[in-house]
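Hi,

Here is the structure I promised to pass on.

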Amino acid sequence: MKPILVTGKRKKSIARAVAIPGSGVIRINRMLISAIEPKMLRLKMSEPLIIAGDQALTMDININVNGGGIAGQSDAVRLAIAKAIIEFTKDKKLEKTFLDYDRHMLVADVRQREARKPNTHGNARGKTQKSYR
């Protein structure tokens with residue numbers, strides 16, 4: 001079976017996942033998912049695996065993620081894992097389950113940080129302080 005390539009994006013983070021038949025090993029930047037800290041973000045990344053149950057144990061997923069911060073990266077990884085599971089299993093019922101649980105598990109959140117403007121101290125809408133005396 002050919003490897004399945006999927007991507008997940010969130011803010012400035014991009015996660016590229018490769019799914020191959022295997023025994024359920026998930027690696028993120030060559031680290032096992034069980035070694036990821038903080039625990040809250042590890043649990044968020046593991047949500048698709050928990051919902052998929054035994055179907056996720058039939059494949060190995062290797063994910064490379066870069067860009068952005070830890071929260072954006074964890075959301076990008078979560079999206080990539082969910083997309084890889086759906087594409088590997090081709091299960092419409094599981095896809096509906098993912099969408100019912102959280103739409104952002106399969107559909108990317110396209111919002112981006114607003115670009116800064118001149119004379120605003122690094123903020124997009126910040127104003128310079130004005131003094132009358």
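This is a predicted model: local features need pLDDT of at least 70, side-chain atom pairs count only at pLDDT 80 or more; totals for chains, interfaces and linings use all residues.

Numbering starts from 1 along each chain as its sequence is written, and side-chain values use heavy atoms, without hydrogens and water.

Helices (H or I, at least four residues) and strands (E, at least two) are DSSP runs, numbered from the N terminus.

Asn29 sits between strand 3 and strand 4. Its phi is positive, about 50 degrees, though Asn29 is not a glycine. Arg30 is in the loop between strand 3 and strand 4, with a positive phi of about 65 degrees. Arg30 is exposed at 76% relative accessible area (exposed is over 50%, buried under 20%, partly exposed in between; 1.4 Å probe, protein chains only). Asn29, at 36%, is partly exposed.

Next, a cis peptide bond links Glu37 and Pro38, with omega about 0 degrees. Pro38 belongs to the loop between strand 4 and helix 1.

Helix 1 covers residues 39–52. A kink of about 45 degrees falls at Ser46, shortly before Pro48 (the angle between axes fitted to the seven residues ending there and the seven starting there). Buried residues of helix 1 include Leu41, Met45 and Leu49. The buried set packs against strand 3, helix 2 and helix 3 (contact: heavy atoms within 4.5 Å). Just after the helix, Gly53 has a positive phi of about 65 degrees.

Best wishes

Methods. The expected span of a helix is 1.5 Å times one less than its number of residues.
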